[in-house]
Amino acid sequence: MAAAVDGRVDRVAVCLCVLCGLPAAGKSTLASRVVCAAAEQGWRGIVVPYDNLIPEQAFRIKDGEESQEMHTEWKSHRRAVLQCIQQILENPGGVRMELQSSSLINNAAWEQCIQSQLMSESLASDGAPYLFLLDDNFYYPSMRYEVFQLARKNSLGFCQVYLHCDLESCIRRNQSRSLPIPADVMLEMAKRLEPPNPEKNSWETQSLSIYTASNLSKNDIQRVVDLISSALSNPLSAAEDNTEQKEADRQKCASSVIHQVDQACRRLISEAMKTAKDHQIISRHMRSLATQLNESKAALLHNLRQQLLQEVIFLQDEDLDVDLVKNKAVSIFKENKKEILVKFINNRM
């Protein structure tokens, strides 16, 4: 973002800070306190509350699965939020006129969250750093990666704060809200949640975890402020074209998907074996059931790996949604598991 100062054009520092965690983990409370701390630092803090900006139906999860159509629509809403941030970065003075171009978000809510910071004509000329606090669950790494891509594209600072709070505490807090999220939905989110992992994803290096089952401390806020300050001082650079690195990333991506699908299938096999035991399947048939389930899993993983490694264009696309690929693969195995298990239960006599 550029700022005019005495006839010159200087770059204003900007940081995109992702706040991720379960519903009622304390993200909104943290955002409010960080905005106050940001003002003391001379930063302009803007909270971007996804819950207010995106229609409720876009977040719904039905029976633990997401259809292609539902997932695509949900992803489009999220991207619309990032596009609104992009508008501010490109033209802070004219952002209010551009709001009507986004039909996928609540424009009134968006205007409300930015108006206190964008009404002043001197906004783009006083050189104050911008801080965008993106308040959402962000339970998939792919969700957070889209924010990282936006930061990298515009050479912005980027950081993440994971609010770690046990599921029981989150459910208890959530129940006191005027519009609580169903407990089964929160349980499903907890299963899907993948916290930032700098060891696995190098782009998540600027991340920290805060335990929020108890009240936030001054030290917690200071840690976040220090993280943001570091991100502002070390903005990302546009990615260079590196063929070898891209190939390595594709291999790593495929291996990660295979591993996650394998773990999910193992859990499904354990559930199937427990169900078979409850139906008093004899030991010999139990062994046969385990063999068939594991053979089905092995075939699925083999085919999935071939698909991921052979479809080069598919893997090169930055929009590749590994979470959707993973969920579809697990859904296929779930159906295979059901067919195999039903056959053994029906033939147990």
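R144 has a relative accessibility of 0% and counts as buried, a word used here for residues under 20% relative accessible area, whereas exposed means over 50% and partly exposed lies in between (1.4 Å probe, protein chains only). The structure is a predicted model, in which local features need pLDDT of at least 70, side-chain atom pairs count only at pLDDT 80 or more, and totals for chains, interfaces and linings use all residues. Residues are numbered from 1 along each chain as its sequence is written, and side-chain values use heavy atoms, with hydrogens and water left out.

What does the side chain of R144 meet in a salt bridge? The partner is E204, with 2.9 Å from N to O; a salt bridge is a side-chain nitrogen of Lys or Arg within 4 Å of a carboxyl oxygen of Asp or Glu. E204 lies in the loop between helix 8 (183-192) and strand 7 (207-211) and R144 lies in helix 6, so their pairing ties together parts that are 60 residues apart in sequence. Helices (H or I, at least four residues) and strands (E, at least two) are DSSP runs, numbered from the N terminus. E204 is buried as well, and its relative accessible area is 1%.

## Other salt bridges

In total, the structure holds 8 salt bridges. In one of them, D136 joins R78, and the closest N and O atoms are 2.6 Å apart. D136 belongs to the loop between strand 5 (130-135) and helix 6 (141-153), while R78 belongs to helix 3 (residues 68-90), so this pair ties together parts that are 58 residues apart in sequence. D136 is buried, with a relative accessible area of 4%, and R78 is buried with a relative accessible area of 4%.

Are D278 and K274 buried or exposed? Both of these residues are exposed. They form a salt bridge whose closest N and O atoms are 3.4 Å apart. Helix 10 (residues 243-278) holds both D278 and K274, which are 4 residues apart, about one turn of the helix.

## Aromatic pairs

How many aromatic pairs does a search of the whole structure find? The search finds 8 such pairs. For Y50 and F138, the ring centres are 5.3 Å apart and the planes stand at 65°, so this pair is edge-to-face. This pair links distant parts of the chain, with Y50 in helix 2 (residues 50-53) and F138 in the loop between strand 5 and helix 6, 88 residues apart. Rings of Phe, Tyr and Trp (its six-membered ring) pair if their centres lie within 6.5 Å; planes under 30 degrees apart count as stacked, over 60 as edge-to-face and the rest as tilted. Y50 is buried at 1% relative accessibility, and F138 is buried at 1% relative accessibility.

Y139 and Y140 also form an edge-to-face aromatic pair, with 4.9 Å from centre to centre and 70° between the planes. Y139 is buried, its relative accessible area being 5%, and Y140 is buried at 2% relative accessibility. Elsewhere, Y145, F148, F158 and W203 are linked into a cluster by ring pairs.

The side chains of R192 and Y140 make a polar contact at 2.8 Å. A polar contact is a pair of N or O atoms within 3.5 Å; within protein, one must be able to donate a hydrogen and the other to accept it, and residues adjacent in sequence count only if both atoms are side-chain atoms. R192 is buried, with a relative accessible area of 8%.

N137 is found in the loop between strand 5 and helix 6 and is buried, with a relative accessible area of 10%. Leaving aside residues up to four places away in sequence, N137 touches C20, G21, L22, P23, K27, M189 and L193, where contact means heavy atoms within 4.5 Å.

L150 is located in helix 6 and is buried, with a relative accessible area of 9%. Not counting residues up to four places away in sequence, L150 touches L16, L82, I85, Q86 and L156. L150 and Q83 are 67 residues apart in sequence and 9.0 Å apart in space, C-alpha to C-alpha.
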